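Visitor: I have a chain to look over with you. Could you put it up, and I will ask as we go?

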Amino acid sequence: YLQSVFLEMFGDPAANPKRWPIGIIEDVVTSTQYGTSEKSNSEQQGYPILGMGNITYSGEIDLTNLAYVDLSSKEFEKLRLQPSDIIFNRTNSTELVGRTACWKYNLDAVIASYLVRIKLNDEILPDYFAYLLNTRYFKGLFQERCKKAVGQSNISPTLLQEFPVLKPPLS
């Protein structure tokens, strides 16, 4: 349903029927950051950590099976998710790489190293950006352009920033 509403409001990003200005993702990103590579635990010691399984194919965040990670307070402050952060699944199987979600929770949590936190500038709304990257068009682009290795595919933050982005007016 949300995909249908998105396409009705903004049009198919492949065809851009509403003739929105087009840029590249780099134009709307202020920073990217890999998650922590610290080993997680299931004993609920430390902070909740999101892994690639916590981002659904449709771009929702599933908090039912969280792992935890022990971090210093300094490291935690550096990695803590803030509302409106974009979480991008940079490493996964080819068909799942690129899953994207917008963090909307008031929960002290961090992300694992195969996810990337993206902060956007004020030219684009985080929810729009996450839905855009979860369209069939972008899933196809990710599958075409990801770096493939044995059992895993990857889209680095540098490569991601080269992808096109439609920039409708905020209104």
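Visitor: Which residues does Leu160 touch, not counting residues up to four places away in sequence?

Guide: First, the ground rules. This is a predicted model, where local features need pLDDT of at least 70, side-chain atom pairs count only at pLDDT 80 or more, and totals for chains, interfaces and linings use all residues. Residues are numbered from 1 along each chain as its sequence is written, and side-chain values use heavy atoms, with hydrogens and water left out. Contact means heavy atoms within 4.5 Å, and on that basis Leu160 touches Ile25, Phe88, Ile118, Leu133, Phe142 and Ile155.

Visitor: Which members of the largest nonpolar core touch the most other members?

Guide: A nonpolar core is a set of buried Ala, Val, Leu, Ile, Met, Phe, Trp, Tyr and Cys residues joined through side-chain atoms within 4.5 Å. Buried means under 20% relative accessible area, exposed over 50%, and partly exposed in between, with a 1.4 Å probe and protein chains only. The largest core has 29 residues. Those touching the most other members are Ile25, Phe129, Leu133, Phe142, Ile155, Leu160 and Phe163.

Visitor: Which element gives the most to this core?

Guide: Helices (H or I, at least four residues) and strands (E, at least two) are DSSP runs, numbered from the N terminus. Elements supplying at least two residues each include helix H1 (2–10), helix H4 (136–145) and helix H5 (157–160). The top contributor, with five residues, is H3.

Visitor: Which residues does the second, separate core include?

Guide: In general, nonpolar side chains of soluble globular proteins tend to be buried together. The second core here is separate and has ten residues. Among them are Leu50, Ile87, Ala109 and Leu115.

Visitor: How many residues of S9 are buried?

Guide: S9 spans residues 115–120. This strand is mostly covered. The buried count, out of six residues, is five.

Visitor: Over how many bridges do S5 and S9 pair?

Guide: Two strands pair if DSSP finds at least two bridges between them. S9 pairs with strand S2 (residues 29–34) in the antiparallel sense over five bridges, where Gln33 has Arg117 as its partner. S5 also pairs with S9 in the antiparallel sense. The S5 count is four.

Visitor: What is the bridge partner of Asn89 in S9?

Guide: Asn89 lies in strand S5 (residues 86–89). Asn89 counts as buried because its relative accessibility is 0%. Its bridge partner in S9 is Leu115.

Visitor: Which side chain does the side chain of Asn89 join in a polar contact?

Guide: A polar contact is a pair of N or O atoms within 3.5 Å; within protein, one must be able to donate a hydrogen and the other to accept it, and residues adjacent in sequence count only if both atoms are side-chain atoms. The Asn89 side chain reaches the backbone oxygen of Thr91 at 2.8 Å. Its side-chain partner, also at 2.8 Å, is Asn92.

Visitor: Which are the edge strands in the open sheet of three strands?

Guide: The order is S4-S3-S8, with mixed pairing. Strand S3 (residues 47–50) runs parallel to S8, joined by two bridges. The edge strands pair on one side only: strand S4 (67–69) and strand S8 (110–111).

Visitor: How far apart in sequence are the parts that Arg80 and Asp108 tie together?

Guide: A salt bridge is a side-chain nitrogen of Lys or Arg within 4 Å of a carboxyl oxygen of Asp or Glu. Arg80 forms one with Asp108, the closest N and O atoms being 3.3 Å apart. Arg80 lies in the loop between helix H2 (73–79) and S5, and Asp108 in the loop between strand S7 (100–102) and S8, so the parts tied together are apart in sequence by 28 residues.

Visitor: Is Arg19 buried or exposed?

Guide: Arg19 is found in the loop between H1 and S1. Its phi is near 55 degrees, a positive value in a residue other than glycine. At 72% relative accessibility, Arg19 is exposed.
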